[in-house]
Amino acid sequence: MLKKITRPMIAALLCLALLTVGTFAWFSFNNRTPVRLEMLEIKSVVTLYRANDMNRNGVPEVAATPVAMKYYTEKYDFVELAKDYAYSEETSTDIALRFSVTDILPGEMRTFKFALENNGDADNDIHMDFDFSIVSGRELLNVISVRTVRTLKNADDGSYVLDTENAKKVYFVDYYGADLADGVFTTSLPGLVSATQRNDPECIYCDYWLQFCMEPLSAVNARIEELNATREDADKIPLFTEDSYNALAGLSSSDILFRINFDVTN
């Protein structure tokens, strides 16, 4: 008889204990601050390369072994200089990669390449600037231009070629005295959602060549005269003499920041 009474009592006590614990846990859970799960709005990779160009004519040497990029095979010889990751929960962010234009002579070019990869879901507008806030050899930049050329897929055979027809050229003297050459060029880069919708997984990548050239004296002064026509007398840019121009030959501009801004567009 004692066993028959004890077992029901033990079961009842266990049920009461479980109910108490469950009730306490329910109220405790609902009084907590909800957990906020953050999703990355921007998730991109930027890699900067320098070309091996013995002739300094803007066309790199052909690589002994072509390099497989993310979406094409690069036949030219480029050396990786720097890489950075644009990861942000915000809808806008920027990164900066440092490089130098060295030992350049009139008519010569220094060629770089940067590769963009958008691993986020959202499409991005991308603005690319040059930041001179820490540069040394700033005066040399006033005789240098930069030409940007995008690598695009050839519609005929699917190969990747330089889009020279739509190349853009900028004179740095246009930003005379400024710390930032802003909005030098822009592009857009689809995200993973758009890539899936387009059935084009390669659209999340893009590559640009940057060709820095020491412009001839006549071209530099012609550009300065165009700029001076729109400036007040006190703000006019001095023309280069032959001596002042030649004094810049063979010099370098170091610690230029290549700044890239990412803005979510969808």
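A salt bridge here is a side-chain nitrogen of Lys or Arg within 4 Å of a carboxyl oxygen of Asp or Glu. Start by selecting Arg56, Glu108 and Arg110, which a network of salt bridges links. Across the whole structure, the search finds 11 salt bridges.

Before moving on, a word on the ground rules. This is a predicted model, where local features need pLDDT of at least 70, side-chain atom pairs count only at pLDDT 80 or more, and totals for chains, interfaces and linings use all residues. Residues are numbered from 1 along each chain as its sequence is written, and side-chain values use heavy atoms, with hydrogens and water left out.

Next, select Glu74 and Lys113: their salt bridge has its closest N and O atoms 3.0 Å apart. Glu74 sits in strand S3 (residues 73-76) and Lys113 in strand S6 (residues 109-118), so the pair ties together parts 39 residues apart in sequence. Strands (E, at least two residues) and helices (H or I, at least four) are DSSP runs, numbered from the N terminus. Glu74 counts as buried at 5% relative accessibility, and Lys113 does at 1%. Buried means under 20% relative accessible area, exposed over 50%, and partly exposed in between (1.4 Å probe, protein chains only).

Now jump to Arg223 and Asp174, whose side chains meet in a salt bridge at 2.7 Å, N to O. Arg223 belongs to helix H4 (residues 217-228), while Asp174 is in the loop between strand S10 (168-171) and strand S11 (180-189). Arg223 is partly exposed at 24%, and Asp174 is partly exposed at 26%.
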